[in-house]
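Here are some notes on the model, as numbered points. Please read them with the coordinates open.

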Amino acid sequence: MQRHSIDRFLTWRETHISDKAFGFIVASVIGLLSGAGAFVLKRMVAFISHLLTSHFHIGSSNWPLLLLPLAGILITGILCRYVFHADMSNATARLIRDLKDKNYSLKPKLTYSSILASSVTLGFGGSAGSEGPIAYTGAAIGSNIARLLRMSPDMMMLMLGCGAGAGIAGIFKSPLGGTLFTLEVLRIPMSTFAVLALLVTAIIAAMTAFALSGFTLDIPFDCSVPFDPGLFPYILLLGVACGFYSLYYSFIMKKIAQLLHHIHNPWVKNIIAGVFLSVLVFLFPMLYGEGYGSVGHIINGNFSTMLNDSPFAGGHGMLLLILVAGGTVLAKCFATSATNNGGGVSGNFAPTLFAGCMFGFVFAAGLNEFFGLQLPVGHFAFYAMAGVMAGAIRAPLMAIFLTCEMGAAYAYFLPLVATATISFGVVRLFTADGYFSRYLDRHNGIIAHILHKL
């Protein structure tokens, strides 16, 4: 009966609606559903996190942090192996592989399973992002709608790409960021019509998530202070520093992934990664979850919150803050790789934004503390978000627009462009590998070679 109804609808559509107009309609529906899915994922992560941490004392260490991330990895592993019967880790890399293999028909259960599994991973303290799972969810929505409407393989590929971009646009509330994810990261070849359909999908997804969340930003940024062109030499230096940190970040991410890949027993892998992650989160509680709360505080100048819930709570002084932030910067890539490759279902983009924010703080606060400068620390932390994402993910355009749109900070577009471009250029000077390559090319890049020897 259902199939007969679809046949009648498709026959009517061929007579009354052109292929391109129908493509825009379907893309709009995908954008609406993907944006709603992004909102649901955000709400579920926030609910679980609040349920587990609302009783914490910000002025001291909280011992449950030694158990929660481990429990999250174990529960996620159980869900993936015994409930959903699917490995949903490293979703972006899987999407890239699906597109390369021309596998445009994704399983229907991926429209919801990634959301549920990611909610557990991040809600329990997994130190990663929600963008990978929601991109996979959006891609599955696009794929299944296209299959239901019996679209051609080329149109299925387009709707899959539109759904993935819509997921990113919805989770970051960034339409251009979502669009550039599909073009720059997934690298789907697209015609003018396809790019326009993708842009429409991303705008609808971002606006849907924005409206459902009460028209609020995830990281509101105070843009009342205008950009000082006199700071440009330090911004160029920040871009160079972000590039070298990005090389370190990518190397550690892939090295931890290689080590965990050699552990074939999934229970052992979950436990080792979970224990490692839990210890890092206990030492540096800012690593808990996506970290947007910490990012919002730092870019707006509320630095004292970096010591909340940690063994260093109660301490004072900028030097202590720099040391704690520095430890967090060094540990973030370890924690994220343990989450993503140890059994968690999460993403790779939000961690680079968090790491960039912390790195920018260390950079500017360190120069102020040791050289007597007066750099705006919060602003430099914001610029470095784009710098580290551009260098680590190898996607400078997405990093620029995504950071700018997340903070509604269009007045700082120029320093964001400078930081991201220079960081990406530094990375490209030393390595030509992509972030989602399985193994780091040990023979390509001086920094990677030095780190490998260490």
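1. T339 is placed in helix α13 (residues 318–341); helices, like strands, are DSSP runs numbered from the N terminus (H or I with at least four residues for helices, E with at least two for strands). T339 has a relative accessible area of 0% and is therefore buried. Buried stands for under 20% relative accessible area, exposed for over 50%, and partly exposed for what lies in between (1.4 Å probe, protein chains only). Not counting residues up to four places away in sequence, T339 touches I73, T121, G126, S127, A128, L277, G344 and S346; contact means heavy atoms within 4.5 Å.

2. On provenance: this is a predicted model, in which local features need pLDDT of at least 70 and side-chain atom pairs count only at pLDDT 80 or more, while totals for chains, interfaces and linings use all residues. Residues are numbered from 1 along each chain as its sequence is written, and side-chain values use heavy atoms, with hydrogens and water left out.

3. G31 belongs to helix α2 (residues 19–53) and counts as buried, at 0% relative accessibility. Its contacts, leaving aside neighbours within four places in sequence, are A166, T201, I204 and A205. From G31 to I256 the separation is 225 residues in sequence and 35 Å in space, C-alpha to C-alpha.

4. G163 sits in helix α7 (residues 153–172). Its relative accessibility is 0%, so G163 counts as buried. Apart from residues up to four places away in sequence, G163 touches I30, S34, A135, G138 and A139.

5. G178 is in helix α8 (residues 175–186), and its relative accessible area of 0% makes G178 buried. With neighbours within four places in sequence set aside, G178 is in contact with G165, I168 and A169.

6. How many aromatic pairs does a search of the whole structure find? The search returns 22. Rings of Phe, Tyr and Trp (its six-membered ring) pair if their centres lie within 6.5 Å; planes under 30 degrees apart count as stacked, over 60 as edge-to-face and the rest as tilted. The rings of F363 and F380 are stacked, because their centres are 6.2 Å apart and their planes are at 15°. This pair links distant parts of the chain, with F363 in helix α14 (residues 349–371) and F380 in helix α15 (residues 377–393), 17 residues apart. F363 and F380 are both buried. They also belong to one aromatic cluster formed by F221, F363, F380, F382, Y383 and Y412.

7. A charge over a ring also deserves a look. R81 lies over the face of W267, at 4.8 Å from the ring centre. The criterion is NZ of Lys or CZ of Arg within 6 Å of the ring centre and within 35 degrees of the ring normal.

8. Two packed helices are described by the angle between their axes and the distance between the axes. The axes of helix α12 (residues 292–299) and α15 come within 7 Å and cross at roughly 135°; axes are lines fitted to C-alpha atoms, for helices over the stretch in contact, and angles run from 0 to 180 degrees between N-to-C directions. α12 is therefore oblique to α15, given that under 35 degrees counts as roughly parallel, over 145 as roughly antiparallel, 65 to 115 as roughly perpendicular and the rest as oblique. V295, I298 and I299 of α12 make the contact with G378, H379, A381, F382 and M385 of α15. These contact residues divide into 6 nonpolar, 2 polar and no charged (Ala, Val, Leu, Ile, Met, Phe, Trp, Tyr, Cys and Pro count as nonpolar, Asp, Glu, Lys and Arg as charged, and the others, Gly among them, as polar).

9. Please check two backbone angles. N90, in the loop between α3 (68–83) and α4 (91–100), has a phi near 50°, a positive value in a residue other than glycine. N90 counts as partly exposed, at 22% relative accessibility. R394, in the loop between α15 and α16 (396–406), has a positive phi near 65° and is likewise a residue other than glycine. At 6% relative accessibility, R394 counts as buried.
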